[in-house]
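Colleague: I've got the files open and would like to go through them with you. Can we take it one question at a time?

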Amino acid sequence: MNFHLIYPEFLLTGLAFLVLTLDFFLPEDRKFLLSWVSSLGMALVIVFALLLYQQGDLYQGLLIIDGYAGFFRIFFLAIGIVITLMSRDFVQSNIGNPGEYYAILIFTVLASISLASSGELLTAYVSLEVLSFGLYVLVAYDRYNPGSNEAGVKFILLGAFSSALILYGLSQTYGLIGTTRLDEIAVLLSSVEDVSIGMLLGLVLILAGIAFKLAAVPFHMWAPDVYEGAPIPITAWLSVCSKIAIVAFAIRFFTTGIFPVVNDWQPILMVLAVLTMVGGNLLALVQKNMKRLLAYSSIGHAGYLLMGLAALVAVTDEGMFNTDFSHLVSNGLIFHMIAYGVTNFAIFYCLILVYNSTGRDDIQGLAGLSSRQPMVALVMVCSLFSLAGLPVFAGFTSKFYLFNAVASQGYLLMVGVAIVASLISLYYYLTVARYLYIEKVLDESIISVSVGSKCILGVLLIFMVVGGIFPSPLMDLIQTATDSVLKVE
Amino acid sequence: MELIYFQLLAAILFCIGIYGVLARKSAVLILMSIELMLNAVNINLIGYAAFSSLGAAHKNLGQVLVIFIITIAAAELALAMAIILRLYRNKNNVNVDELDILKG
């Protein structure tokens with residue numbers, strides 16, 4: 001067996017257990033070292049992954065380590081390092097038990113990587129469950145906080161429900177199509193004359209499960225409650241890592257697995273995308289709590305991602321597949337996910353810093369931040385602009401790229417809805433910006449921020465700006481990644 | 001016996017499970033309904049595997065899927081019970097209708 005392909009994953013697993021073990025031996029006042037161990041460890045794994053990078057597949061195609069998987073492996077490790085550094089002070093002062101916290105974070109990184117590299121439905125399902133299990137624990141991690149308990153119970157009940165939906169879809173796929181490997185599904189589906197109702201049921205249930213996990217609008221009820229109750233770094237992690245991992249798998253699933261029946265799933269995804277974009281952004285207008293507002297904003301962003309997924313394969317009037325612009329769409333999707341991830345991390349980090357010194361996470365609590373801590377206010381307002389899609393920032397360039405790609409596939413109506421939805425979103429983002437800079441200050445207390453935190457904020461800000469005005473190096477990387485997954489003929 | 005009986009039994013159990021998730025108030029009963037849904041999936045898979053005409057590899061795949069699902073379902077149950085127990089310690093009941101701290 002060519003196990004050398006997944007040495008980075010082995011190392012990552014080892015790192016997680018190392019953190020768990022070190023937790024036993026470190027005295028209470030030295031536990032802050034664990035965050036350094038996990039972030040440096042992940043940095044080392046990145047180095048190893050780059051040095052040992054090879055392509056191939058394991059277990060007859062259950063895990064596919066291609067350019068796409070390699071790209072997402074580095075990406076998930078990188079955001080894993082950022083989230084570890086972001087949660088350092090928060091864990092120390094608010095929730096405690098750092099050993100398990102960082103170890104479970106590393107396990108979720110591992111699960112996201114294997115989700116992006118799985119080429120088979122059961123492998124994807126097991127990775128998805130490992131990811132979700134980690135997130136269930138982390139959401140309920142603040143044990144004595146009733147909000148965190150409540151969020152954990154809601155999350156695990158609805159998460160288990162949606163896994164059951166995915167599994168029923170998987171069993172129908174196994175029984176009626178006859179395989180669970182994505183490439184074989186494509187071959188068998190394209191040889192079938194017309195798709196039976198049972199296969200369609202399976203497909204629809206898998207789509208519903210994915211929509212549940214992405215918090216698309218008819219299935220979004222859990223998201224605001226869970227995002228509000230979870231510890232803030234975990235809210236950031238939920239809104240970035242789990243979404244990106246699922247979309248990364250969905251791109252592979254749709255383009256190498258079920259593209260022959262695109263006529264059956266595309267309308268469903270389009271309806272979901274439109275509902276999610278409009279619904280998420282409209283519901284965000286009335287929110288008072290910052291975490292809840294960002295939850296609805298991330299639902300709106302999931303709508304843009306669903307729009308990209310729906311436009312991955314275009315169908316011409318003669319019923320032929322048109323994949324001329326599929327590259328553009330998948331590049332746009334990945335670029336938008338990265339820009340959204342970085343921006344969301346920046347805004348959540350500002351929220352963490354405010355929460356650490358004031359204990360407030362409502363929008364009122366941010367009033368007058370520009371005079372209480374100018375740096376945090378600046379980064380926060382930049383990330384709000386980036387989320388809204390205003391020029392200069394990464395959020396604008398990625399939205400422009402994604403909408404442009406979807407439009408070149410010919411889905412102008414959907415792009416129109418997306419543009420209207422982003423206009424709506426501008427209102428509530430700017431409301432928060434007004435609190436930061438214009439609204440009267442009620443609480444004059446200065447928010448102190450350490451130099452290390454300022455460095456992280458600076459790095460995120462630089463990435464947002466550079467990603468916005470000079471995206472071509474990143475786009476080249478994304479292009480090489482999608483080359484290996486888009487082989488639709 | 002025919003395959004259709006297995007499919008029907010699985011579909012009916014799955015729907016009973018969905019009904020239970022929507023109608024029950026206690027978190028533990030919702031969890032039991034989810035277990036019912038997962039076992040419906042297992043019956044479906046076993047049925048397909050037993051009546052498979054696509055060769056031994058296809059038959060075995062179905063049984064392997066069932067073993068994976070049983071294992072994951074057990075882990076999920078343990079985790080959910082632990083989280084529900086935390087809720088019980090803090091609130092002294094597990095009624096999901098009374099989970100109303102978080103709302104917009």
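Predicted model: local features only at pLDDT ≥ 70, side-chain atom pairs only at ≥ 80, totals over all residues.

Colleague: Where is A:Y59 found in chain A?

Modeller: Residues are numbered from 1 along each chain as its sequence is written, while chains are lettered from A and ligands numbered from 1 in the order in which they are written. Helices (H or I, at least four residues) and strands (E, at least two) are DSSP runs, numbered from the N terminus. With that numbering, A:Y59 sits in the loop between strand 1 (56-58) and strand 2 (63-65) of chain A.

Colleague: What is the phi of A:Y59, and is A:Y59 buried or exposed?

Modeller: Phi is positive here although the residue is not glycine, near 45°. For burial, count other C-beta atoms, placed from the backbone, within 10 Å of the residue's own: 20 or more is buried, 12 or fewer is exposed, and in between is partly exposed. A:Y59 has 11 such neighbours, so it counts as exposed.

Colleague: And where is B:N92 placed in chain B?

Modeller: B:N92 also has a positive phi without being glycine, near 65°. With 7 other C-beta atoms within 10 Å, B:N92 is exposed. Its place is the segment after helix 3 (56-91) of chain B.

Colleague: Which residues touch the most other members of the largest nonpolar core?

Modeller: A nonpolar core here is a set of buried Ala, Val, Leu, Ile, Met, Phe, Trp, Tyr and Cys residues joined through C-beta atoms within 7 Å. The largest one has 221 residues, and those touching the most other members are A:I106 and A:V139. As for elements, the one giving the most to this core, with 21 residues, is helix 14 (residues 326-358) of chain A.

Colleague: Which residues is A:I106 in contact with, leaving aside neighbours within four places in sequence?

Modeller: Contact means that the C-beta atoms of two residues, placed from the backbone, lie within 7 Å. With the sequence neighbours left out, A:I106 has these partners: A:L12, A:L15, A:A16, A:V19, A:S38 and A:G80.

Colleague: How many of the residues of helix 13 of chain A are buried?

Modeller: Helix 13 (residues 290-310) reaches 30 Å from its first C-alpha to its last, close to the 30 Å expected at 1.5 Å a residue; the expected span is 1.5 Å times one less than the number of residues. The helix is largely enclosed by the rest of the structure, because the buried count is 21 of 21.

Colleague: What about helix 7 of chain A: how many of its residues are buried?

Modeller: Helix 7 (residues 146-177) reaches 46 Å, close to the 46 Å expected. Just after this helix, A:G178 takes a positive phi of about 100°. Helix 7 is mostly covered, and the buried count is 29 of 32.

Colleague: What radius of gyration does chain A have?

Modeller: Chain A has 20 helices and four strands, and 60% of its 489 residues are buried. The radius is taken over C-alpha atoms, and the globule rule is 2.2 Å times the number of residues to the power 0.38. That rule gives a compact globule near 23 Å, and chain A agrees, with 22 Å.

Colleague: What is the radius of gyration of chain B?

Modeller: Chain B has three helices and zero strands, running α-α-α from the N terminus. The globule rule gives 13 Å for 104 residues, and chain B is more spread out than a compact globule because its value is well over that, at 17 Å. Its C-alpha atoms fill a box of roughly 55 × 25 × 25 Å, and buried residues come to 32%. To finish on what you asked, the radius of gyration is 17 Å.

Colleague: Which helix supplies the largest share of the side of chain B that touches chain A?

Modeller: 34 residues of chain B are in contact with 34 residues of chain A. Helix 1 (3-23), helix 2 (27-50) and helix 3 of chain B each supply at least two residues of that side. The largest share, 17 residues, comes from helix 3 of chain B.

Colleague: How confident is the predictor, and what ipTM and pTM does the model score?

Modeller: Chain B has a mean pLDDT of 89, with 99% of its residues at 70 or more. The model scores ipTM 0.94 and pTM 0.93.

Technical notes: pLDDT = per-residue confidence, 0-100.
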